[in-house]
Amino acid sequence: MKILYFASLKESLNLSSDKIILADNTTITQLRTQLINKYGKHNFPSNTICAVNQEIANDAVIINKTDEVAFYPPVTGG
């Protein structure tokens with residue numbers, strides 16, 4: 001599965017995308033855990049937003065191997 005990273009997360013990891021092998025019926029929570037184990041919790045705080053197929057997804061969403069998954073930090077404005 002291809003995972004995309006945006007904004008400061010992309011800069012922090014120094015990469016814009018990643019490939020990971022997932023088991024069937026993997027949730028966003030399980031994917032986050034794998035990414036935290038790989039890159040550290042400081043890169044994936046609880047307010048990091050996840051989108052699946054370009055729609056915001058909560059941590060209970062089950063992802064498929066063909067889904068596009070993206071992570072980005074929360075957006076702030078002024």
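Mentor: Start with the rule: rings of Phe, Tyr and Trp (its six-membered ring) pair if their centres lie within 6.5 Å, and the planes make the pair stacked under 30 degrees, edge-to-face over 60, and tilted otherwise. By that rule we get three aromatic pairs here.

Trainee: What makes the pair of Y5 and Y39 edge-to-face?

Mentor: The centres are 6.4 Å apart, so they fall within the 6.5 Å limit. The planes stand at 80 degrees, which is over 60, so edge-to-face it is. Y5 sits in strand β1 (residues 2-5) and Y39 in helix α2, 34 residues apart. Both elements are DSSP runs numbered from the N terminus: helices are H or I with at least four residues, strands are E with at least two.

Trainee: Before we go on, what kind of model is this?

Mentor: It's a predicted model, where local features need pLDDT of at least 70 and side-chain atom pairs count only at pLDDT 80 or more, while totals for chains, interfaces and linings use all residues. Residues are numbered from 1 along each chain as its sequence is written, and side-chain values use heavy atoms, with hydrogens and water left out.

Trainee: Good. How do you know that F44 and F71 pair, and at what angle?

Mentor: Same test: 5.6 Å centre to centre is within 6.5 Å, and 85 degrees between the planes is over 60, so this pair is edge-to-face as well. F44 is in the loop between α2 and β4 (49-52) and F71 in strand β7 (residues 69-72), so the pair ties together parts 27 residues apart in sequence. Y5, Y39, F44 and F71 form one aromatic cluster.

Trainee: Why are Y5, F44 and F71 called buried?

Mentor: Buried means under 20% relative accessible area, exposed means over 50%, and partly exposed is in between (1.4 Å probe, protein chains only). Y5 is at 1%, F44 at 2% and F71 at 0%, so each of them counts as buried.

Trainee: What makes a set of residues a nonpolar core?

Mentor: The members are buried Ala, Val, Leu, Ile, Met, Phe, Trp, Tyr and Cys residues joined through side-chain atoms within 4.5 Å. The largest one here has 18 residues, and Y5, L31, L35 and F71 touch the most other members. At least two residues come from each of β1, α1 (7-13), α2, β4 and β7, with α2 giving the largest share, four residues.

Trainee: How do you know which residues Y5 is in contact with?

Mentor: Contact means heavy atoms within 4.5 Å. Leaving out residues up to four places away in sequence, the list for Y5 includes L35, Y39, F44 and F71.

Trainee: Over to charges. Why is R32 with D59 called a salt bridge?

Mentor: The rule asks for a side-chain nitrogen of Lys or Arg within 4 Å of a carboxyl oxygen of Asp or Glu. R32 and D59 come in at 2.8 Å, N to O, so they qualify. R32 lies in helix α2 and D59 in the loop between β5 (55-56) and β6, so the bridge ties together parts 27 residues apart in sequence. R32 is buried at 10%, while D59 is partly exposed at 32%.

Trainee: What else does the side chain of R32 reach?

Mentor: The backbone oxygen of T48, at 2.8 Å. A polar contact is a pair of N or O atoms within 3.5 Å; within protein, one must be able to donate a hydrogen and the other to accept it, and residues adjacent in sequence count only if both atoms are side-chain atoms. So 2.8 Å is inside the distance limit.

Trainee: How many salt bridges are there?

Mentor: Three. K38 and D18 make one at 3.3 Å, N to O, linking helix α2 to strand β2 (residues 17-19) across 20 residues. K38 is partly exposed at 47%, whereas D18 is buried at 11%. K65 and D24 make another at 3.5 Å, N to O. Here K65 is exposed at 52% and D24 is exposed at 59%.

Trainee: Last one: what makes the phi of N14 worth a look?

Mentor: Most residues other than glycine have a negative phi. N14 has a positive phi of about 60 degrees although it is not a glycine. N14 lies in the loop between α1 and β2 and, at 69%, is exposed. A7, in helix α1, also has a positive phi, about 55 degrees, without being a glycine.
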